[in-house]
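Please look through the sequence and the model below before reading on. The paragraphs that follow lead from charged pairs to helix packing and then to aromatic rings.

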Amino acid sequence: MILHTLLSYEFLRVVWWLLLGVLLVGFAVMDGFDLGTGMLLPFAGRSDLERRVIINSVGPVWEGNQVWLILGGGAIFAAWPQLYAVSFSGFYVAMFAILVALILRPVAFKFRSKRDDAAWRGRWDAALFIGGFVPSLICGVAMGNVLQGVPFRFGTDMHIYYDGTFFGLLNPFALLCGLVSVAMLAMHGAAWLQLKTEGAVAGRVRGYGSVAAVLTVVLYAVAGVLLWKFVDGYRVTSSLPPDGPSNPLLKTVEVHASAWFTNYAAHPVLYVVPGLGLAGALVALLGFRMRAEMLTLLASALSIAGIILSVGVSMFPFILPSSADPRASLTAFDSSSSHLTLFIMLVVTAIFIPIIVAYTGWIYHVLRGKVDRDAIREERGHAY
């Protein structure tokens, strides 16, 4: 017996659909507070010392947090090659903008304090703001477009054609989803800064975090209502064998009003997922008011998880619907890699993900506590 046949193709496809969600949540939670911190930097820090405190709250960990971005991209490439091909080619300009913004961040960290000049440091502070705001906005915009369907199609030779434009991505519903992303990551960044700073900075981020938490609840609820009322979903109208071949064109799909809520109607317990998104933000709001640092951070992370996972729950089994040719839509059961590939990847993931989680946990344990203002003021250590 070949070892990989011990786990069915259907099981592996579902597992990798779940792991894709876990990796997206991992990136949003772990790198999300870095992005949120960058967005809050110009507002929460009023002096150069305060801004250095904010920067040094994420300075030792931001590089490790981006491991989740690499893991997510690698998983999409290996487990869902057609998804990788469509998203990374169709969203090429958007992806390029995200990469430029993310590249600005390490450069700003390294160069900001090289000169004792207010204008010089101000420009790099602006770069850090851009490095936080642009990826947060574009990732949310991308999610909004995925829910509406992406204009791609397959030729007879399975060549992928993308019929959209960058500015076509900037439609009202997608921009609303982008604002949801900005608000929730600003909330998460404020929760992190409340944990890592003290004094005036901590007081300011509690205020900003409270506003961001309220905006997260309101914008997410509005987006949900608009999705229900005005955004058509997709549903498969033919057979879709869970262990069938990876060929999206073998099924038929129709566009149908409120189709993205079919899974919730069939399994009401799934309402727990978007409920977690709303409840987590409300608990984070309470945590800011109570100055409960760890509670706020955990609640913010749960809110992010609920918001992101609610998209996956709504769309399942779809991964990337096509507005140009609905039958070309990618699902978990017709766009994956081979049975053997998914099995090998699962074994590798089962070995290395626990190692990454354990090492990350140890790093955060070692670096626990507040940022030392005196050490930064006196230029002790390796502060940015």
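**Salt bridges, helix packing and ring pairs**

Arg153 and Asp163 form a salt bridge in which the closest N and O atoms are 2.9 Å apart. Because Arg153 lies in strand β1 (residues 152-154) and Asp163 in the loop between β2 (160-162) and α9, this pair ties together parts that are ten residues apart in sequence. Arg153 counts as partly exposed, at 33% relative accessibility, and Asp163 is likewise partly exposed, with a relative accessible area of 43%. As the model is a predicted one, these values describe the computed coordinates.

In one of them Arg112 pairs with Asp48, the closest N and O atoms being 2.8 Å apart; Arg112 sits in the loop between α7 (92-111) and α8 (118-148) and Asp48 in helix α3, so that the pair links distant parts of the chain, 64 residues apart. Arg112 counts as buried because its relative accessibility is 3%, where the limit is under 20%, whereas Asp48, with a relative accessible area of 32%, is partly exposed. In the other, the side chains of Glu50 and Arg204 meet at 2.8 Å, N to O. This pair, too, links distant parts of the chain, with Glu50 in helix α3 and Arg204 in helix α10 (residues 199-230), 154 residues apart, and both Glu50 and Arg204 are buried. Salt bridges that share partners also join Asp48, Arg51, Arg112, Arg121 and Asp125 into one network.

How many of the eleven residues of helix α3 (residues 48-58) are buried? Nine of them are, so α3 is largely enclosed by the rest of the structure. Among these buried residues are Leu49, Glu50, Arg52, Val53 and Ser57. The C-alpha atom of Ser57 is separated by 9.3 Å from that of Leu195, although the two residues are 138 apart along the chain.

Leu195 lies in helix α9 (residues 172-196) and is buried, with a relative accessible area of 18%. Leaving aside residues up to four places away in sequence, Leu195 touches Glu293, Met294, Leu297 and Lys370.

Helix α9 also packs against another helix. Two packed helices are described by the angle between their axes and the distance between the axes. The axes of helix α2 (residues 32-44) and α9 come within 7 Å and cross at roughly 90°, which means that α2 is roughly perpendicular to α9. Residues making the contact include Phe33, Leu35, Met39 and Leu40 of α2 and Val182, Leu185, His188 and Trp192 of α9. By class, the contact of α2 with α9 has ten nonpolar, five polar and no charged residues.

Aromatic rings complete the tour, with 21 aromatic pairs in the structure. Trp62 and Phe109 form a tilted pair, 5.4 Å centre to centre with 35° between the planes; because Trp62 lies in helix α4 (residues 62-65) and Phe109 in helix α7, the pair ties together parts that are 47 residues apart in sequence. Trp62 is buried, with a relative accessible area of 4%, and Phe109 is buried as well, with a relative accessible area of 6%. The rings of Phe261 and Tyr264 have their centres 6.2 Å apart and their planes at 45°, so this pair is tilted too. Here Phe261, at 21% relative accessibility, counts as partly exposed, whereas Tyr264, at 3%, counts as buried. Finally, ring pairs link Phe43, Phe129, Phe133 and Tyr208 into a cluster.

How values were computed. Residues numbered from 1 in each chain as written. Predicted model: local features only at pLDDT ≥ 70, side-chain atom pairs only at ≥ 80, totals over all residues. Heavy atoms only, no water. Helix = DSSP H or I, 4+ residues; strand = E, 2+ residues; numbered from the N terminus. Buried < 20%, exposed > 50% of the residue type's maximum accessible area, 1.4 Å probe, protein only. Contact = heavy atoms within 4.5 Å. Axes fitted to C-alpha atoms, helices over the stretch in contact; angles between N-to-C directions. Parallel < 35°, antiparallel > 145°, perpendicular 65-115°, else oblique. Nonpolar A, V, L, I, M, F, W, Y, C, P; charged D, E, K, R; others polar. Salt bridge = Lys/Arg side-chain N within 4 Å of Asp/Glu carboxyl O. Phe/Tyr/Trp six-rings, centres within 6.5 Å; stacked < 30°, edge-to-face > 60°.
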